[in-house]
Amino acid sequence: MKNLKLFLTASLLVSLAGCKKEAKTIDNKNDSLMVKKDSVALPEIHKEYYGIYMGDFAGREMISPEIGEEYEGDVYKRIALKINRITKDSVYGQSIVEGNQRPFRGVFNEAAKSFILDEPGNDKTDGRFEVKLNNDSLTGTWNAFNKTAVKAPSKKLKLIKKEFVYNPNFMLSPDNDLIDWENPKNFVEKYTDEETGKTETYTASKNRIASDAVFNINASKQKLTEKDLKNLRKLDMEIIKNSVFARHGYSFKKATYRNFFEQTDWYIPVSDNVDNDLSALEKENVALLNRFIKYAEDKYDSFGR
């Protein structure tokens with residue numbers, strides 16, 4: 001009898017423990033469903049304001065020229081604000097500057113047609129956008145949360161709404177600057193004085209320059225061969241390769257590539273990873289270009305700026 005009581009007591013405890021565990025599982029499921037239900041319960045509004053707004057991101061900071069003293073001046077960068085979702089309570093989206101993509105969340109003032117948008121705050125470049133909507137433009141300011149961590153803690157924005165479209169025909173224009181200003185290299189040159197006949201040496205800073213091949217070769221449309229690439233400069237192949245990623249809206253971290261594509265009207269950075277968007281032809285061409293870039297040489301020349 002004693003053993004029977006012990007057995008029944010143990011069974012009851014196991015049963016209660018099982019019920020408790022099951023109840024906890026059910027509660028978690030209900031919580032999940034409730035969160036999902038709550039998120040669905042907030043209808044999206046003002047979908048007409050969704051999209052990408054691009055333009056100048058300007059602030060004053062200290063500039064260190066190659067020659068001369070450091071001075072304070074205006075620095076203009078390009079920024080994209082992407083508004084993905086607006087509800088009565090919140091606005092969701094992301095900012096993209098110099099390849100740095102940061103999510104933001106904020107609020108929309110319907111009466112004033114203005115947004116207050118906060119980046120997460122866990123990066124030194126994070127801050128608050130306060131912008132006003134006027135038709136298809138956004139104007140306002142950005143202020144860093146950590147004002148001592150960035151060169152320009154306060155910036156002004158002037159943005160225009162743009163629509164991202166992938167088009168394999170997009171190319172750089174012959175009017176575009178094909179000089180890589182970001183990576184100068186010093187060369188030792190010789191100079192012979194005509195009067196004395198004496199030869200002296202001096203150091204000259206030169207920049208990489210691309211050729212007209214970048215206007216004629218399209219790695220998104222034509223299957224490239226070794227013959228197409230073997231006589232190209234390294235910078236030529238870098239531009240041809242990165243044109244593929246630019247067409248898909250890749251946000252470049254390297255200033256060299258940003259500078260080339262920001263000269264165009266069609267380049268709109270929307271993502272920091274577009275690998276899955278590339279076509280089979282593009283992937284094959286990029287792989288071939290990577291092989292040739294590894295061993296290619298650059299063409300350098302002297303330029304004033």
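This report describes the strands, helices and selected contacts of a predicted model.

## Overall make-up

The protein chain has 305 residues, of which 36% count as buried. Its secondary structure comes to 5 helices and 11 strands.

Contacts can also be sorted by separation along the chain. Among those in the protein chain between residues at least 6 apart in sequence, 53% join residues at least 24 apart.

## The barrel

A barrel is closed by 8 strands, taken in the order 1-2-3-4-5-6-7-8, and their pairing is antiparallel. From one strand to the next, the twist averages 30 degrees.

Strand 1 (residues 51-63) and strand 2 (residues 71-86) run antiparallel and are joined by 13 bridges. Within this pair, Y53 stands opposite L81 in strand 2. Strand 2 also pairs with strand 3 (residues 91-97), in the antiparallel sense and over 7 bridges. A hairpin of 4 residues links strand 2 to strand 3, and I86 has V91 in strand 3 as its bridge partner. Further along, 7 bridges hold strand 7 (residues 137-144) to strand 8 (residues 154-162), and these two run antiparallel. Here T139 has K158 in strand 8 as its bridge partner.

Strand 9 (residues 179-192) and strand 10 (residues 199-209) run antiparallel and are joined by 10 bridges. The two strands form a hairpin with 6 residues between them, and in the turn G197 has a positive phi of about 75 degrees. Two of the residue pairs can be named: V188 has T203 in strand 10 as its bridge partner, and K190 has T201 in strand 10.

## Residue E200

E200 lies in strand 10. Is this residue buried, exposed or partly exposed? E200 has 43% relative accessibility and therefore counts as partly exposed, because that value falls between the cut-offs of 20% for buried and 50% for exposed.

Leaving aside residues up to four places away in sequence, E200 touches E189, K190 and Y191. For E200 and K190, the separation is 10 residues in sequence and 5.7 Å in space, C-alpha to C-alpha.

## Packing of helix 3 and helix 5

Helix 3 (residues 234-247) and helix 5 (residues 280-293) pack at an angle of about 155 degrees, and their axes are 10 Å apart. Helix 3 is therefore roughly antiparallel to helix 5, because angles over 145 degrees count as such. The crossing of the two helices is left-handed.

On the side of helix 3, the contact is made by K234, M237, E238, I240, K241, V244 and F245; these meet E282, V286, L289, N290, F292 and I293 in helix 5. Sorted by class, the contact of helix 3 with helix 5 has 8 nonpolar, 1 polar and 4 charged residues.

Terms used: Residues are numbered from 1 along each chain as its sequence is written. This is a predicted model: local features need pLDDT of at least 70, side-chain atom pairs count only at pLDDT 80 or more; totals for chains, interfaces and linings use all residues. Side-chain values use heavy atoms; hydrogens and water are left out. Axes are lines fitted to C-alpha atoms, for helices over the stretch in contact, and angles run from 0 to 180 degrees between N-to-C directions. Angles under 35 degrees count as roughly parallel, over 145 as roughly antiparallel, 65 to 115 as roughly perpendicular and the rest as oblique. A crossing is left-handed if the near helix is turned anticlockwise from the far one by less than a right angle, and right-handed if clockwise. Contact means heavy atoms within 4.5 Å. Ala, Val, Leu, Ile, Met, Phe, Trp, Tyr, Cys and Pro count as nonpolar, Asp, Glu, Lys and Arg as charged, and the others, Gly among them, as polar. Two strands pair if DSSP finds at least two bridges between them. Buried means under 20% relative accessible area, exposed over 50%, partly exposed in between (1.4 Å probe, protein chains only).
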